[in-house]
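These are my notebook entries on a predicted model. I set down what I looked up, entry by entry.

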Amino acid sequence: MKVDILRHIRANKAHPLPLPEYTAFSYDFNPQEKFIELMGAVGGKVLLQKEPLTLDQLSTLFGEGKSIYSGIDDINSHVEVSKLKAHELHKIELVILPAQIAVAENGACYLDESVLPHRVLPFICQHLILVIDAHSIVGNMHEAMEKIDLSKEGFSIFIAGPSKTADIEQSLVIGAQGARSLTVFIKN
């Protein structure tokens, strides 16, 4: 019986078709403005950064005494992630990471493992800050995927807004399974 089924499948295999030609998808919006709008729609915040980010600025936004990990050269970390065991990462309250790409059409930021000392870091912290260059904001996912070399990366992720769920009594809960806040600084 099994042999007959497999024989029939092989005999009736569809002929391969060529892939459709790719045509660029156009859009009629300013990518930076659209990104700011959609990041707000998914619960995140965007701040334009004209000067380098400082600890004083972060203290004003998030309060003093936070346990901070920074993947940005200009900001010193309070925590050395390499010295923490995986179950100790929850102690980090604020994580600052560079994002390589931001996507306007969905308010998502792309990070690959080159900027993540530990894969769980953007999800286990209380507050996540992503820093992106203004010229790295693209209009749509097609443009984003053109910039990503998937053969180079072992792990990468798109993050859009803070963690949220609405399955608990149909009420929106922010920070349910991850960071309670996401702030994106756009460097001009």
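**Entry 1: cysteines.** I looked up C125 and found this residue buried, with a relative accessible area of 2%. I then asked: is C109 buried or exposed? C109 counts as buried, at 0% relative accessibility. I next checked for a bond between cysteines. A disulfide is a covalent bond between the sulfur atoms of two cysteines. The cut-off I applied is a pair of cysteine sulfur atoms within 2.5 Å. The cysteine sulfur closest to that of C109 belongs to C125 and lies 14 Å away, which is too far for a bond. C125, likewise, is in no disulfide. I therefore recorded a count of zero disulfides by this rule.

**Entry 2: helix α2.** Which residues of helix α2 (residues 31-41) are buried? I noted F35, L38 and M39. Viewed down the axis of α2, these buried residues fall within an arc of 105°, so they line one face of the helix. On the other side of α2, I found E33 and A41 exposed. I also looked up what covers the buried residues of α2; the cover includes β1 (45-49), β4 (101-103), β5 (108-112), β7 (137-138) and β11 (181-187).

I then examined the two ends of the helix. At the start of α2, a side-chain oxygen of N30 comes to within 2.9 Å of the backbone nitrogen of Q32. Just after α2, I noted that G43 has a positive phi of about 100°.

**Entry 3: the sheet.** In what order do the five strands of the open sheet run? I recorded β1-β11-β6-β3-β2, with parallel pairing. β1 and β2 (68-70) stand at the edges; each has a single partner strand, so one side of each is left without a neighbour in the sheet. Neighbouring strands of this sheet are turned by 20° against each other on average, direction ignored.

Strands of a sheet pair through backbone hydrogen bonds, either parallel or antiparallel.

**Entry 4: helix α3.** Which strands does helix α3 (residues 55-62) touch as it packs on the sheet? I listed β1, β2, β3, β6 and β11. I also noted that the direction of α3 makes about 145° with that of β11.

Terms used. Residues numbered from 1 in each chain as written. Predicted model: local features only at pLDDT ≥ 70, side-chain atom pairs only at ≥ 80, totals over all residues. Heavy atoms only, no water. Buried < 20%, exposed > 50% of the residue type's maximum accessible area, 1.4 Å probe, protein only. Helix = DSSP H or I, 4+ residues; strand = E, 2+ residues; numbered from the N terminus. Arc of directions from axis to C-beta. Contact = heavy atoms within 4.5 Å. Polar contact = N/O pair within 3.5 Å; in protein donor to acceptor, adjacent residues only side chain to side chain. Pairing = 2+ DSSP bridges. Axes fitted to C-alpha atoms, helices over the stretch in contact; angles between N-to-C directions.
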